[in-house]
Amino acid sequence: MKRLIILAMLLTAMGTYAEKINININIATQNTQLTLQVKDDGRLYQTYLGARLSDHTPLATLDMPRMAGASSIVTHGNEVYPVMGTEDFYEPAFEIRHADGNPTSVLKYVSHTQKGNETIITLRDELYPVTVALHYEVFPDEDIIKQWSEISHQEKGKVYISRYASSMLYFEADRYFLTEFTSEWIREMQMKTQELFFGKKIVDTRLGTRAALFAQPFFEVGLGRPVAEEEGTVLMGTIGWTGNFRFTFEVDHQRQLRVISGINPDASTYLLKKNEVFRTPDFYFTLSQNGAGEGSRRFQRWAIKHQLNKGEDDRMTLLNNWENTYFDFDEKKLTSLFEEAKDLGVDLFLLDDGWFGNKYPRKDDHAGLGDWQATTAKLPNGIPYLVKKANETGIAFGIWIEPEMVNPKSELAEKHPDWILKLPNRDTYYFRNQLVLDLANPRVQDFVYSVVDNLMKENPQLKFMKWDCNSPITNIYSTYEKEHQGNLYIDYVRGLYNVLQRVHANYPDLYMMMCSGGGARSDFEGLKYFTEFWCSDNTDPVSRLYIQWGYSQFIPSKAMCSHVTNWNRQASVKFRLDVDFTCKLGFDIGLADMSEQDKQYCREAIQEYNRLKPIIYSPNLYRLMSPYDGEHCVLQRVNDDRSHALLFAYDIHPRVTDYQLPVCLRGLDAEAQYRVREICLMPGQQSWLDCHDKVYTGDYLMKVGLRVTSGNALVSHIIEIIKE
Ligand code: GLA
C-alpha cells in the first residue's frame, strides 16, 4: 500500500513536471514578438525575439542556437534570467549569496499568468526559498514592451543580491551597431555609434543623484547595419531609473548579442530582507523594422499616452529670469519682469534660484540651500506677494527649488548634520559647494516633501515648479543605513520616488520641470512625476539642434524645455526661437535689450506656437536631415489624420557653394492636395521660398520634395502644410 502511494505521488509529480516543460509563452505587440519556452531542464529560455510572426507559426519550432562551449558543455542557451555561478559563462542577469554562503541559484519555472497586456512568470530555486517573478507589460498599439523583475526570499539569515537585471534579451544578426547617448554639462545627448564585436561594452553611470551627467539612459542597436532613420531593424531601449543604471551589450562566441539592462549594481550589493520584494526599475523597448524614426514615433506616442505626467494635457509657455538676472533681483525687478512676460504673451513667469535663505541668504551658490524661506531683505513681502502680483498682471507663477540639496552654510545643515550624506573619517567632497541630503531616511523624505507642501499651502495659486538637482552624490555614506551601506544608492532613489508620489498625489495639478544642472535627469520614471525636463543649460541654438535631435529619439516634444536666451548672439532671435519652437517653448532673456522688431517677432511666434501646439506636440516626428550629416537640420511633424504638418528647416554653417537638394516629406496622404506656406516671418518680411503659398499633392511633396535649405549660415524657416 505504502509503495502504491509513493508510486502515485511520483506519477503526479512527473505529471506536473511534464506539464511544465515545453510550455511556450508568447509576448507580442502589433509588430513585435518575444517567445519564451520552458525546456526539459525546467528552466526558461528565449526562443524568439523579432518581427511578429503569423499566428499559425507553431511556437514549439522556434529556437535560437544552443550554447556550445568546450566539447562537453552544451546547454540550452539564452536563459531568460541566468544566474551567476551556473554553466552560462557570460554576464548573468542575477547574482545572489544565500544565508549559508552558497553563491548560486538555479531558477526553474513554476507558473505563469497572462491577463490582458500583462504576463507574469514565476521562477523559483528548488533548494532555496528564492523567487524571481518576471513581469512583462505590452502596449500593443504603440509597440512598446515594458519589463521588470521582482526578487524575494524567505531565508532566515542575511541574503545579498549583487546583480538584479530588469531585463536580459538575446539577438542574432551578422553585425551589431550600438548608438549611445553620451553627455556632460552643456553637451547632453550626443549620439555616437560603434560596431560591437566579441566581448562587452558597458554604458553605465555612478553619480547617484545627477545620474545621467555622462551617459543618458537610452540606447539604440542597429541589427545587421548601423541605425538609419527610416530603414533597418533597430532595438531602442531605455530604463526608468533616476539613479545609477547600467546597460551591458555582450557579443558571445556564437556572435549572439546579449543586452542586459538594470540598475548599476556597482557599490550596490543589496541586503534583501526576508519577504521584502525587490522590484527592479522598468526597462522599455521597441524593435522597429523601419529604422529609428519609427521607434521614436512609437516611444513618443507611448509616453504621451501612458507615461509622461499630464501626457495628453497642454503645456505653458514661460519667461524665466535665470540668465537675465542670476541671483541679482528684488521685488521691483521681478514685478517689472511680470510685465515683460505679459507683453510677450507667455503663460507663466518662472522665478529661478536665489529667492531663499535668511541667516545665510542665497546671493550666490555658496549658501542657503536647505532654507526654503524667502529672503526678507530681497523679498520683504514673500512669495505670496509675487504670486499675487503675477496673477494680477495676467500670468501664472512658478518657482525653482532644489530640495534634495544643502549648503553647509545653511540653518538646515546646522540643525540636522545627520541628514547629510557624508563619509566618516574622510575629507568631504563638495560639488557646486553643496551636499546631498539622505533621502534613504524617511524623516528627510518628509522634509523634502515639506518644501513643496509648504510652498503650495502658502501659495495655492502656484502653477509650476522647477525641481533642480545640481550635485552628484560625492560622499556615499548614510548614518541612517546602519545595517548595510550597500543599499544606499538604491534606497536614495526609492526615497525620491516616495516624495514625488506624495507630491503627485496631493498636487496633481502642479506642472513640474525636472532639471539636473541641465539634462542630467531625463528618464521615464522621473517623467511619470514631471511634466517636462530641462534638456541642457546650453541654449546656443546650434548646439540645441544636436541635443534636441538626441532627446527626440525617445521623448515627446512637449516634455523637452527649450528657451530663447542670449547664447550665440551671431544667431538672430528668429533663428534661436525657431529652434525652441519645436519643443516646449520658453524664454530666459531680458526684453529691455531686444529690438522692437525682435520683440514683435517673439510675440507673433508665441501666438503661432499656441495655434500650432497640436502639431508641434504630435508624436509623428520625421527627422528628414540630420545635423550630424552636414550643415542642415530638417524636421517634420504631422497630425494623426495627415491633414496638417509643419516643416522646420535650419541652415547651420553651410558653404555658399554647396548644392541644395530638395527635402522629401513623409507621412502625408499621397492623394491629397496641400497648401505650403512659410509662417513665422520677421515683421514686414516676405518669404523667399519658391514653395511659399503653393499647392502640391502629397505624392509630390513626398517624392519630389521642397527646397528649404540654403547656403547661408544660421537661417531658419517654419513651414505650414495644410490639406486643402
Ligand atoms: C542649474 C540649472 C539652471 C539654473 C541654475 C540655478 O544649473 O540647470 O537652469 O536653474 O541651476 O542655480
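This is a predicted model: local features need pLDDT of at least 70, side-chain atom pairs count only at pLDDT 80 or more; totals for chains, interfaces and linings use all residues.
1. Domain assignment. The protein is divided by its domain assignment into domain 1 (10–307), domain 2 (318–618) and domain 3 (621–723).

2. Domain 1 and domain 3. The centres of these two domains, taken over C-alpha atoms, lie 41 Å apart. Contact between them involves 11 residues of domain 1 and seven residues of domain 3. The size of an interface is often given as the accessible area lost when the parts come together. For domain 1 and domain 3, the buried area is about 770 Å², with 32% of it on carbon and sulfur atoms.

3. Description of the helix pairs. Two packed helices are described by the angle between their axes and the distance between the axes. The points below give both values for each pair, followed by the residues in contact.

4. Helices α4 and α5. Helix α4 (residues 331–344) and helix α5 (residues 382–393) cross at roughly 25 degrees, and their axes come within 9 Å. Angles under 35 degrees count as roughly parallel, and α4 and α5 are therefore described in that way. The crossing of α4 past α5 is right-handed. On the α4 side the contact comprises E331, L334, T335, F338, E339 and K342, and these meet G382, Y385, L386, K389, A390 and T393 of α5. By class, five residues of this contact are nonpolar, three are polar and four are charged.

5. Helices α7 and α8. The packing angle between helix α7 (residues 442–458) and helix α8 (residues 488–506) is about 35 degrees, and the axes are 9 Å apart. α7 passes α8 in a right-handed crossing. From α7, the residues making the contact are Q445, D446, V448, Y449 and V452; from α8, they are G495, N498, V499, R502, V503 and N506. The contact of α7 with α8 contains five nonpolar, four polar and two charged residues.

6. Helices α10 and α11. Helix α10 (residues 541–551) packs against helix α11 (residues 573–580) at an angle of about 15 degrees, with 9 Å between the axes. This angle makes α10 roughly parallel to α11. The crossing of α10 past α11 is left-handed. P541, V542, R544, L545 and Q548 of α10 form the contact with F575, R576, V579 and D580 of α11. Five of the residues in the contact of α10 with α11 are nonpolar, one is polar and three are charged.

Methods
Residues are numbered from 1 along each chain as its sequence is written. Side-chain values use heavy atoms; hydrogens and water are left out. Axes are lines fitted to C-alpha atoms, for helices over the stretch in contact, and angles run from 0 to 180 degrees between N-to-C directions. Helices (H or I, at least four residues) and strands (E, at least two) are DSSP runs, numbered from the N terminus. Angles under 35 degrees count as roughly parallel, over 145 as roughly antiparallel, 65 to 115 as roughly perpendicular and the rest as oblique. A crossing is left-handed if the near helix is turned anticlockwise from the far one by less than a right angle, and right-handed if clockwise. Contact means heavy atoms within 4.5 Å. Ala, Val, Leu, Ile, Met, Phe, Trp, Tyr, Cys and Pro count as nonpolar, Asp, Glu, Lys and Arg as charged, and the others, Gly among them, as polar. Domain bounds come from an automatic or database domain assignment. Buried area is the accessible area (1.4 Å probe) that two parts lose on being put together, summed over both.
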